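Try each task before you read its solution.

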Amino acid sequence: MLGALACLVLLLIGTMVAMVLYTAWPSFRSNGLAWFGAGAPNQGQLDDIFNSPANPAAYQYELRAWPMIWGTLLTTAGAVAVALTISLLSAIFIVEFAPPRIKRVLEPVVRLLAAVPSVVYGLVGVLVLVPFVGNLLVSERRKAEVQYVVQLTGDSLLVAVLILTFMITPIMVAIMVDALRAVPRSWMEGSAALGVNRWRTIWKIGVRAARPAIVAGVVLATARAIGEAIMLAMVSGSWFAPNPLDGFTFLVEPTRPLAASIVFYLEGRTVPPLGQTLAAIAAVLLISSLFLSLAGWAAKQPLKRYGIV
Amino acid sequence: MSVEAPNRALGNAGPTRPMESSATWPRADRVGLGLAWAAGMLLCVVAGAIVLYMLFRGLQYLSFELLVTRPEVANDQSRSGGFLDPIIGTLMLTVLGTIIAAPLGVAAAVWLSEYGRPSWLARLVESGIEVVAGTPSIVLAIFGLLIFSQPLFAFLSFTAEGNAVFGRSFLAAGAMISLIALPFVVGATREALNAIPSHVREASYALGKTKAATIRRVLLPAVRPGIGTGTALGMGRIAGDTAIPIALLGATLQLQAVDGPLGTLRGTGGTLTTYVYGNSPAGEGNAPEKAYAAAFVLLLVVVLLNFGVDLISRRRQVTSWTR
């Protein structure tokens, strides 16, 4: 009986994958692999799909989703890279160096950062950071240089990565702290007994022993980052594929990742081809997060031996 | 050269804390230590800045009237009302999601920890729950729209002329949003079950209790704090989620009941999160003052739920199993 209830989860995942892929199929079929390629601006394409004629034979499906995929890749990679540095250092700090009084503050702080709703992060981003970047960080000259290509309003990759970093840091910190705490004490004491100082001990013994946890943390945080929709929809701006060759301008260029794009066209999903296109975008996210979750689960398995997770 | 201070930490139960000054360390190690301090402080500063800023804006814009007046569609912000309906919406959605997630989560956790046979199936379910936890809520929302628009689920929402099922209602959103809370309930309950030593179960068997009776009379009462922790964490996530209410609840300003039994539950509505999103510059309303006020209330709810977790987990430490 209980087993049957638990298997509902599997049934649900199966239904979800099947249904999303089934609905998405027309979009993938009509574009082929070019779906993932670069081409015309996404906004125009999605509008064309939205305005396609009511006759099913004349449905528009053309979409070259690369700008959105590129946006997801950039925001995710940027946020994960920065968050990995911050969370590894702060996990070491919490486990080894923080005085008890600071530790008592830090643990609720990490939980708080994880608990703040993404719409609140987005609100602070769009009302505080975006005007700051748009008015103070980006000079008028820089705006004028590129005004025929893209408007630099402050809705930017920089703000998106910055906020996303602090949304995924708590996930990594939690896993890493648990793993660092579970490193056998005798290993650390053995190192200390050889006259190795505390920093080298935790860096060479603790962090190395906790490597599976670091991998698991990165994978799970990546899954969270690619799926973040609302916050990115609020701060990342309009469709554009930021070009790394633009120097500093690259950081303040707008982008619109996959998940955020769904939010903007949600109202139009009753138009069948657009609904199918949105399902196709969701399918890409679903498959990526499915593999990331399974990879994270697999990476956690060695940790079970030490009784973590 | 000064004499090294005696190592006080030796023999203590806590972690080893040699009395050593970082002044003698190689420079690279001192830089590392400095960076670790900086990272820890950075997290504190960011969290503090967010909380203080929201507190400042919240106290600036929040008034009692906003809490008890219904929102209206108006261009003039002095007449667009407060956010009574979104507050009720958040409450209803959180309760609905919890009612669905808590029993299912506890059942799954009990099965995984106490039965778990065949073991390949248990591992499959376990990884399945990880997958549910990792699925972005916007994908769950799209899936919800697809499945609840099927004629099979017509009873959950209203049906327009031509038999088009709307697929957006509190019941639909609650069913889908419970998936966000489910992994938290399962995780916390399993952790609590695993913390119960096996001699407790064996004592119950020795008294002639069956396995089912042991679970119901011994284990479940003992893991109640764990269930509470998981449920509170899950409730916090439900209250803070935006994508599912926007897609599956309709994100209307007011609660709009449909005719027939359970009208409000089958109708559309909005939550605090959709209200904040709608009133932010990204949404249609663009009334930052009201967005700030509602976000402050939302943050307060979420923080209180997490504070509740603290109280529960502190009480849990009092009851310990003696050998």
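**Exercise 1. Find which residues of the largest nonpolar core touch the most other members.**

Solution. Start with the term: a nonpolar core is a set of buried Ala, Val, Leu, Ile, Met, Phe, Trp, Tyr and Cys residues joined through C-beta atoms within 7 Å. A residue is buried if 20 or more other C-beta atoms lie within 10 Å of its own, exposed if 12 or fewer, and partly exposed in between, with C-beta atoms placed from the backbone. In this predicted model, the largest core has 189 residues, and those touching the most other members are A:Met176, A:Ala282, B:Ala108, B:Ile142, B:Ala295 and B:Leu298. Next, look at who contributes: helix H7 (residues 157–181) of chain A gives the largest share, 18 residues. At least three residues also come from each of domain 1 (22–58) and domain 2 (69–316) of chain B; these bounds come from an automatic or database domain assignment. The C-alpha centres of the two domains of chain B are 34 Å apart.

A note on conventions: residues are numbered from 1 along each chain as its sequence is written, while chains are lettered from A and ligands numbered from 1 in the order in which they are written. Because the model is predicted, local features need pLDDT of at least 70 and side-chain atom pairs count only at pLDDT 80 or more, whereas totals for chains, interfaces and linings use all residues.

**Exercise 2. List what B:Leu298 touches, leaving out residues up to four places away in sequence.**

Solution. Two residues are in contact if their C-beta atoms, placed from the backbone, lie within 7 Å. From chain A, B:Leu298 meets A:Pro117 and A:Val120. From its own chain, B:Leu298 meets B:Ala239, B:Leu272, B:Thr273 and B:Val276.

**Exercise 3. Describe the side of chain B that touches chain A.**

Solution. First the count: 66 residues of chain B contact 72 residues of chain A. Then the elements: H1(B) supplies the largest share of chain B's side, 16 residues. Helices here are DSSP runs (H or I, at least four residues), as are strands (E, at least two), numbered from the N terminus.

**Exercise 4. Why does B:Gln254 count as partly exposed?**

Solution. Locate B:Gln254 in the loop between H10 and helix H11 (263–266) of chain B. B:Gln254 counts as partly exposed because it has 19 C-beta neighbours inside 10 Å. Beyond four places in sequence, B:Gln254 contacts B:Arg70, B:Pro71 and B:Asp85. Its C-alpha atom is 8.7 Å from that of B:Leu84, 170 residues away along the chain.

**Exercise 5. Which residues of helix H2 (residues 42–50) of chain A are buried, and where do they lie?**

Solution. The buried ones are A:Asn42, A:Gln45, A:Leu46 and A:Ile49. They line one face of H2(A), because they fall within an arc of 95° seen down its axis, the arc being that of the directions from the helix axis to the C-beta atoms. Their cover includes helix H3 (66–97), helix H13 (258–265) and helix H14 (272–304) of chain A.

**Exercise 6. Where in chain B is pLDDT under 50?**

Solution. pLDDT is the predictor's confidence in each residue, from 0 to 100. Chain B averages 84, but residues 1–13 stay under 50. Where pLDDT is low, the predicted coordinates should not be read in detail.
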